[in-house]
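Let's take a short walk through this protein together. Have the sequence and the 3D view ready.

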Amino acid sequence: MPSIIIKTADELARQRHAGQLLASVFDMLDTFIVPGVTTMAINDRVEDFIVNQLHARPASKGQYDFPYVLNTSINDVVCHGIPKATEHLRSGMIVNVDITLEKAGMIADSSKMYLIGDVSPLARRLVKTTYEAMWKGIEVVKPGATLGDIGHAIQRWVEEHGYSVVREYCGHGVGQEMHEEPQVLHYGRPGEGAVLQEGMVFTIEPMVNQGDSRIKTKKRWLDGGYPR
C-alpha cells in the first residue's frame, strides 16, 4: 500500500504558490460565471488563463485521458461533471467548478460552488451547510489529530442539519501527483485512521446530499472516451 508522502519545506513552498495561483483562477471566474455562459466556455476561459496568464499547467487535462481542464457539476450532479458547449447556466442553478493546477512540479486542487442568479432557499441552505462542514473538518487539522477526527467533525455537522455525507467519494493527498495517499473520508469516528503529521498535504472536500447518502452513477462514453 502506498505510504503518505511528507513534503519538504521546499515542496510546501512551491505547493503553496500553486495554491495561490489557483485561488486567482477562482477570483477571475467570480465575474465570468453568470447566467447564459456555457460550461465549455468556462473550461476554455480557465485553460487560457492558467496557460497564458499564470504560465502554469492545467493538471486535470490528460489525467486518466480526461480532455478538459476542469469539472462542472450542476445541481444534483455530485461531482466530476463534464463541460459541454450546449450546457448553458441558468438562474436557479448551483454549479461546482473543480480545477487543478501544476506549477514548478507541485499540484493544487480546489473547487468552488457558484450560485447562479435567483437560487432557492433550499439550495442555498445545502450549499451553506456543506461549506460550513468543510470548515468543521479543517478546524480539527493539526499534528496528532487523526483522519477520523476530520470525518467525524464533518459528519456530525452535516447530520445535525438534516443532510447526509456521500460515501463513495473522498478527499485525498495531493503533491507531485494529483491523487496521493491518504484517502480523506468525510465521515468517521474520533481517534481512528492515520495520525496527522506536519508536512502532510491533502484535500477536504465533503459532498453532501439532501435525503440519504446514496448516489446514482451514469456513464456517458462516446467512442470509448469522454463526450465532447
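Leaving aside its neighbours within four places in sequence, which residues is threonine 203 in contact with?

## Threonine 203

Setting aside neighbours within four places in sequence, threonine 203 is in contact (heavy atoms within 4.5 Å) with Asp109, Gly171, His172, Val174 and Val184. Threonine 203 sits in the loop between β6 (180–184) and β7; helices (H or I, at least four residues) and strands (E, at least two) are DSSP runs, numbered from the N terminus.

Threonine 203 counts as buried because its relative accessibility is 9%; buried means under 20% relative accessible area, exposed over 50%, and partly exposed in between (1.4 Å probe, protein chains only). Its side chain also makes a polar contact of 2.7 Å with the side chain of glutamate 205. A polar contact is a pair of N or O atoms within 3.5 Å; within protein, one must be able to donate a hydrogen and the other to accept it, and residues adjacent in sequence count only if both atoms are side-chain atoms.

## The model

This is a predicted model, where local features need pLDDT of at least 70, side-chain atom pairs count only at pLDDT 80 or more, and totals for chains, interfaces and linings use all residues. Residues are numbered from 1 along each chain as its sequence is written, and side-chain values use heavy atoms, leaving out hydrogens and water. The average pLDDT (the predictor's confidence in each residue, from 0 to 100) is 94, and 95% of the residues score at least 70.

## Helix α3

The buried residues of α3 (residues 121–139) are Ala123, Leu126, Val127, Thr129, Thr130, Ala133 and Gly137. Exposed residues Pro121, Lys128, Tyr131 and Glu139 are on the face turned away from the buried side of α3.

Methods: Expected span 1.5 Å × (residues − 1).
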